[in-house]
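Please keep the structure open while reading.

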2 protein chains.
Amino acid sequence: MTENPQWALSRREFRAQKRVHNFNPGPAALPLPVLKEIQEEFLDFHGSGMSITEISHRSSLFEETIDSAIARTRRLLGLSDEYHVLFFQGGASLQFCMVPMNLSLPGRPVDYINTGLWSTKAIREARIQGKEVRIIATSEDKKFSYLPTEYTVDGQASYVHFTSNNTIVGTQWQRFPDGHGVPLISDMSSDFMSRPIDVTPFGLIYAGAQKNIGPAGVAMVIIREDMLERVPDNLPTMLRYTTASNTKSLFNTPPTFAIYVIGLVLRWLEETIGGLEEMEKINKEKASLLYEVIDKSEIYQGIVEHGSRSTMNVTFRLPNEKLGQRFLDEAIRNGFHALKGHRSVGGCRASLYNAVTLDSVRTLVAFMREFEEKSIRG
Amino acid sequence: MTENPQWALSRREFRAQKRVHNFNPGPAALPLPVLKEIQEEFLDFHGSGMSITEISHRSSLFEETIDSAIARTRRLLGLSDEYHVLFFQGGASLQFCMVPMNLSLPGRPVDYINTGLWSTKAIREARIQGKEVRIIATSEDKKFSYLPTEYTVDGQASYVHFTSNNTIVGTQWQRFPDGHGVPLISDMSSDFMSRPIDVTPFGLIYAGAQKNIGPAGVAMVIIREDMLERVPDNLPTMLRYTTASNTKSLFNTPPTFAIYVIGLVLRWLEETIGGLEEMEKINKEKASLLYEVIDKSEIYQGIVEHGSRSTMNVTFRLPNEKLGQRFLDEAIRNGFHALKGHRSVGGCRASLYNAVTLDSVRTLVAFMREFEEKSIRG
């Protein structure tokens, strides 16, 4: 390492407040001002004399909390009244089974695009229920390292399901598949609220909170009114989308703390960042900085096709396992957390969700450049 | 009010730290030392440089967290290796549907004892699935104000389900129903970990955390090994008990924060309180103090039969609505939170879960005595 690297100051700062550069794939970094606010009011939520974890989900204080989170979601995504904003427990994994259970039409197939482990899991749940599943496109042939461009949607399909960002391999739809009128359904767990989207072709969007919008333990569901008409009467109460839409997600006790944190993160997104257009700019800048290092590097090699690259999860490999391990070891010693790739892919991955700062990425980039220089020189 | 009431000092103390006497029925009070510890380490969990909300559920730090919560549960309840300790999302309400889905035996009925709203909801979910439900006992005839003592269990039943404590009306089984060898299943949401229990007759125990052991957003399930053999293969992955038992509740991202808090609450229960025998003594003392005021009172009237009284939720009425409202208004002004009864019962309810201190109850009792004196005098 050189005497006075660019990233050393920032590293010292991070150490001073005992924080690392957190590139966790999820649960992931949360905005520091949000964490500080939670900490500050943790024993006395809005002058109630109780912690947010101790107040009733039927209290007006919590009602304001959940209403505000919903209103911010509506504004940030530009949702019309046609869409409901709902909160569920069970993560995206419970949605994998709820989607076909609630939204497949009798005698009609359900279409899936398979772009990785999470799509595969969603498909499995539809099959367990005996639905007629059609895989209309897959990138399994090249270990999901690209997004398929060829697929046909016919009007028979109940819906077309796809994963908007594939956390593990690091691909992301920059332009969504065209459903040709068939409702799109998307697992947006790992890029929800990271960029503006046009929701109109979507019948349903779901996202586990623990990447971009909050802590683990809650999933957000955006569902279009017409989808609710599909929900069969004979489903267990907790597994019907209509149960949540009829009760404003308060059929039973919701995960109050997680919803509260979502509200704070969305406020930060709206008021501090300035909305999804601004967030997207920052996210693109962060990803560009890293991809630039990778593209100009002799030792870092991108894992996915250029056109399919994700702004959320940047994946790369080093030329051999030994150097890769040295990179990861030095990264950890220098305060860069969770750069190890998913075990099914190997290599490295930097997850750059909304709360990961430009400064953290710049610091990482400086570290990567120096590591490369040193490893080539020495 | 008299000049210098007994409870005034305590009230001033509470005000000084901006805390109320929290009698919430759930989400409910948490132990203050636990809340303070969460607050203190919220930006830096165990020296990781991350918040507990930002660490990976696959990290060794979280593994220690969940393992410790499970180990404490085993010690506190004296569980043998036959029992698994699992975490689920979706609250007790999701368990209402998972229990019959996973544990009813083909061609065999499922037996339920109906002692209130929550039992009724559990029964409804079994019926939605088309199970042959037998209500072997009910106290609906007297608005659930007692626990039925007459019921017959025959060996045909898949299981016998009952609610151990009925939050809304305020009844609690002091001696559990006898299953005569048929596995008992109990929703213990509102008295779990409030007293020692003999788990051996139970096939499954479930409890939403938000009353005695943690924040909303997680339910604990204690399941006996032989029950897992009943789980059908064709259930959605997230709805099978075996999915959680095979993955130590880490099939997908669990509610990490909620599990962390449970761990802290159970540590408090084990190390500060001294275990379930000690907890039970304190809980009985708290309830006795209140029931004593009620039994000696000319204005407070208990709602449930003496033998069925709950140590967790003490319910009572005042002679008329006007006085009842005045009581509730003065209570709130004096820092006693959430004494209003459930809308289906009316009157008042003080929920005395583990984290509600003897001091809070003593203070309430002094307030109630003074209120009575004043209202009789005046």
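The points below treat the basis of the model, the sheets, the pairing of the chains, the salt bridges and the local backbone.

1. Basis. This is a predicted model, in which local features need pLDDT of at least 70 and side-chain atom pairs count only at pLDDT 80 or more, whereas totals for chains, interfaces and linings use all residues. Residues are numbered from 1 along each chain as its sequence is written, chains are lettered from A and ligands numbered from 1 in the order in which they are written, and side-chain values use heavy atoms, with hydrogens and water left out.

2. The seven-stranded sheet. In chain A, seven strands make up an open sheet with mixed pairing, in the order S2-S10-S9-S8-S5-S3-S4. Its edge strands are S2 (83-88) and S4 (133-138) of chain A, each of which pairs on one side only. Neighbouring strands of this sheet are turned by 20 degrees against each other on average, direction ignored. Here strands (E, at least two residues) and helices (H or I, at least four residues) are DSSP runs numbered from the N terminus, and two strands pair if DSSP finds at least two bridges between them.

3. A parallel pair within that sheet. Strand S5 (residues 160-163) and strand S8 (residues 184-187) of chain A run parallel and are joined by four bridges. For A:Val160, the bridge partner in S8(A) is A:Leu184.

4. Helices on the sheet. Helix H3 (residues 60-77) of chain A lies across S2 and strand S10 (219-224) of chain A, at about 130 degrees to S2(A). Helix H5 (residues 117-128) of chain A also packs on the sheet, where it touches strand S3 (110-114), S4, S5, S8 and strand S9 (202-208) of chain A. The direction of H5 makes about 155 degrees with that of S3(A). Contact means heavy atoms within 4.5 Å; axes are lines fitted to C-alpha atoms, for helices over the stretch in contact, and angles run from 0 to 180 degrees between N-to-C directions.

5. The three-stranded sheet. Chain A also has an open sheet of three strands, with antiparallel pairing and the order S11-S12-S14. Strand S11 (301-302) and strand S14 (348-351) of chain A are at the edges with a single partner strand each, so one side of each has no neighbour in the sheet. Four bridges link strand S12 (residues 313-317) of chain A to S14(A), the two running antiparallel. In this pair, A:Asn313 stands opposite A:Ser351 of S14(A).

6. The interface. How many residues of chain A are in contact with chain B? There are 58, and they are in contact with 59 residues of chain B. The area buried between the chains is about 4,700 Å², with 59% given by carbon and sulfur atoms; buried area is the accessible area (1.4 Å probe) that two parts lose on being put together, summed over both. On the chain A side, A:Gln39, A:Leu43 and A:Glu54 lose the most area to chain B, together 14% of what that side buries. Because 100% of the interface residues of chain A are also interface residues in chain B, the copies meet through the same surface.

7. Two salt bridges are found between chain A and chain B, a salt bridge being a side-chain nitrogen of Lys or Arg within 4 Å of a carboxyl oxygen of Asp or Glu. A:Arg19 forms a salt bridge with B:Glu54, with 2.7 Å between the closest N and O atoms.

8. A salt bridge within chain A. Over all chains, the structure holds 34 salt bridges. In one, the side chains of A:Arg72 and A:Glu271 meet at 3.2 Å, N to O. A:Arg72 lies in helix H3 and A:Glu271 in helix H8 of chain A, so the pair ties together parts 199 residues apart in sequence.

9. Local backbone. The peptide bond from A:Gly26 to A:Pro27 is cis, with omega near -5 degrees, and A:Pro27 is placed in the loop between strand S1 (21-22) and H2 of chain A. A:Met193 is not a glycine but has a positive phi of about 65 degrees; A:Met193 lies in the loop between S8 and S9 of chain A.
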